[in-house]
Amino acid sequence: MQAVLFPAPETIAIERVPDPACAPDEVIVQVARCGICGTDVHIYRNEYMSAFPLIPGHEFGGVIVEVGKEVTGFQVGQRVAVDPNLYCGHCDMCRNEMANHCLNWQGVGITRGGGFAEYVAAPARACYHLPDSLDDMQAAFVEPLACVVHAMKRIRVLPADPVLILGAGPMGLLLVQALRRMGASHIAVVEKQAPRLELARRMGASLAVAPGQEQDEQLKAVAPRGFGVVIDATGVPAVIEGAFRFLRPRGTYLQFGVAPNHAKVNVSPYDIFRNDWMIIGTFALCYTFLPAIDWLASGAIDIAPLVSHTVPMADFADLFGQFAAGKTLKVHIQIGDAA
Ligand SMILES: [Zn+2]
Ligand SMILES: [Zn+2]
């Protein structure tokens, strides 16, 4: 089969590789499309837990073309999305509702072959049936949206809380829509790129501003007592450090963006104490594929405007570079026939 390969750090190849073998508890999925994610950039730069060579890609859906002999509940021809997080199911974390911290965690496209390929092997337990109403573009958004659903389960949004989101990349724009559904009142977005500000307004932000001199005044006008929830969706340490000044007493700060793993920020422990603040992290997802599929199928979350490029595998290296430089929104690699 044809696949995108990271043979070594900072290297991309498109090659013929052997088709994946189907273990007894697995299915083989013919990939329809697969999204490029910031995590793929971290993998490429060797800043993540992956070993090389690797076929990356963890945001994909497709059609089952082979079923392992122990598999029940799945048949050839069915469309599925694959949860790339493979939880063992028997460690102490899995057995205590913290499967995203599984002690034996494996990731499709992270520690084993992923979705930038014609075929992927995946355990049947990680596959989720897709309703016919979801197209391939939506199928490739189930995984990123499942991360947003996990984040929404981690925080508490009180009715009519004003919310501030820093960063309006594809994930920030999903967060805008999710927070609207969670009952927020004002949703303010700070973002450098003008086209993304426009998109944030379309997705439901009541205020979208570029960072700069008027930013604080405009945010204050929307939330004079500060924001009930402040979310970083940039992963940029300087942005994170500045985020706390917008948080009201009893407010919740959510670290959604992935910062470099060596980064440090200055936060005053006295301020945390004095303001009753909650500081919350959110890692990947944890059995949140079903609510993500339901949110997409119901039309509550609109992902089409978040995809700026859909290209064939041959264009992977070019678009990967543009994505890593922040010049695109979500990039989808079209692999199988369009559905
Ligand atoms: Zn991802
Ligand atoms: Zn486990």
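Author: Helices (H or I, at least four residues) and strands (E, at least two) are DSSP runs, numbered from the N terminus. By that numbering, Asn-46 is found in the loop between α1 and β4. This is a predicted model, in which local features need pLDDT of at least 70, side-chain atom pairs count only at pLDDT 80 or more, and totals for chains, interfaces and linings use all residues. Residues are numbered from 1 along each chain as its sequence is written, while chains are lettered from A and ligands numbered from 1 in the order in which they are written.

Reader: Is Asn-46 exposed or buried, or in between?

Author: A residue is buried if 20 or more other C-beta atoms, placed from the backbone, lie within 10 Å of its own, exposed if 12 or fewer, and partly exposed in between. Asn-46 has 13 C-beta neighbours inside 10 Å, so it counts as partly exposed. Its phi is near 60°, a positive value in a residue other than glycine.

Reader: Which peptide bond is cis?

Author: The one joining Phe-52 and Pro-53, with omega about -5°. Pro-53 is also in the loop between α1 (38-44) and β4 (60-67).

Reader: What span should helix α4 have?

Author: The expected span is 1.5 Å times one less than the number of residues. For the 13 residues of α4 (residues 170-182) this gives 18 Å, and the end C-alpha atoms are 18 Å apart, which agrees.

Reader: Why is α4 described as largely enclosed?

Author: Because 10 of its 13 residues are buried, among them Pro-170 and Leu-179. Just after α4, Gly-183 takes a positive phi of about 100°.
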